[in-house]
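Please read the points below alongside the sequence and the coordinates.

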Amino acid sequence: ACSGHGVCADGRSGAGTCTCHRGYGGAACALVCPAVAGRICNSVGACLPESATCDCSMRAAGARPGHWDGAACEVCASGWSGPTCDVPCPAGLAGAVCSGRGTCT
């Protein structure tokens with residue numbers, strides 16, 4: 001039940017719903033959340049239990065600060081840089097990152 005990655009709550013009707021362990025999702029807990037070096041959602045985002053996808057805008061408990069993006073929250077969001085994605089990229093007068101002539105890393 002629950003693909004070995006969750007707990008089944010049978011209830012009176014016996015319909016059963018799974019409550020997935022951390023890092024797993026989907027109706028039967030068969031989906032694995034993306035990870036970086038074993039860290040679910042890079043330890044900065046939250047794994048959505050319904051889809052086992054990372055939401056980088058939701059901070060994981062104790063997450064380091066920053067503005068993250070990517071399937072496993074492994075890259076800086078557009079307009080941000082630095083090791084913890086908390087340094088704003090320089091913008092030109094029109095507001096384009098690097099004045100529209102480069103990329104910010």
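The model is a predicted one, in which local features need pLDDT of at least 70, side-chain atom pairs count only at pLDDT 80 or more, and totals for chains, interfaces and linings use all residues. Residues are numbered from 1 along each chain as its sequence is written, and side-chain values use heavy atoms, with hydrogens and water left out. The chain has 0 helices and 12 strands, and the count of disulfides comes to 6.

**Overall architecture**

- Helices are DSSP runs of H or I with at least four residues, and strands are runs of E with at least two, numbered from the N terminus.
- Read from the N terminus, the order of elements is β-β-β-β-β-β-β-β-β-β-β-β.
- The chain has 105 residues, of which 24% count as buried; buried means under 20% relative accessible area, exposed over 50%, and partly exposed in between, with a 1.4 Å probe and protein chains only.
- Among the contacts in the chain with a separation of 6 or more, 17% are between residues 24 or more positions apart, where contact means heavy atoms within 4.5 Å.

**Disulfide of cysteine 2 and cysteine 18**

- A disulfide is a pair of cysteine sulfur atoms within 2.5 Å.
- Cysteine 2 and cysteine 18 are joined in this way, with an S to S distance of 2.1 Å.
- The torsion about their S-S bond is about -95°, so this disulfide is left-handed.
- Cysteine 2 lies in the segment before β1 (6–9) and cysteine 18 in strand β2 (residues 17–20), so the link ties together parts that are 16 residues apart in sequence.
- Cysteine 2 is buried, at 6% relative accessible area, whereas cysteine 18 is partly exposed, at 24%.

**Disulfide of cysteine 20 and cysteine 29**

- The sulfur atoms of cysteine 20 and cysteine 29 are 2.2 Å apart and form a disulfide.
- This link is left-handed, with -95° about the S-S bond.
- Cysteine 29 is buried, with a relative accessible area of 0%, and is located in the loop between β3 (24–25) and β4 (31–32).
- Although cysteine 29 is not a glycine, its phi is positive, at about 55°.

**Disulfide of cysteine 56 and cysteine 73**

- Cysteine 56 is joined to cysteine 73 by a disulfide with an S to S distance of 2.2 Å.
- The torsion about the S-S bond of cysteine 56 and cysteine 73 is about -105°, so the disulfide is left-handed.
- The pair links distant parts of the chain, 17 residues apart: cysteine 56 is in the loop between β8 (53–55) and β9 (68–69), and cysteine 73 is in the loop between β9 and β10 (75–76).
- Both partners are buried, with relative accessible areas of 9% for cysteine 56 and 0% for cysteine 73.

- Cysteine 8 is in no disulfide, and the nearest cysteine sulfur, that of cysteine 2, is 4.6 Å away.
- Cysteine 8 is partly exposed, at 33% relative accessible area.

**Asparagine 42**

- Asparagine 42 lies in the loop between β6 (39–40) and β7 (46–48) and is buried, at 3% relative accessibility.
- Its phi is positive, at about 60°, although asparagine 42 is not a glycine.
- The side chain of asparagine 42 reaches the backbone oxygen of cysteine 73 at 3.0 Å.
- Not counting residues up to four places away in sequence, asparagine 42 touches Val36, Arg64, Trp68, Ala72, Cys73 and Glu74.

**Largest pocket**

- The largest pocket holds about 170 Å³ of space.
- A pocket is an open set of points on a 1 Å grid over the protein atoms alone, where a 1.4 Å probe fits, with protein on both sides within 12 Å along at least five of seven lines; lining residues have an atom within 4 Å of a point.
- Grid points are joined across faces, edges and corners, and the volume is the space filled by probe spheres set on the points.
- The largest pocket is lined by 13 residues, and those closest to its centre are Arg22, Gly23, Cys33, Cys47 and Pro49.
- The lining comprises 9 nonpolar, 3 polar and 1 charged residues; Ala, Val, Leu, Ile, Met, Phe, Trp, Tyr, Cys and Pro count as nonpolar, Asp, Glu, Lys and Arg as charged, and the others, Gly among them, as polar.

Technical notes
Polar contact = N/O pair within 3.5 Å; in protein donor to acceptor, adjacent residues only side chain to side chain.
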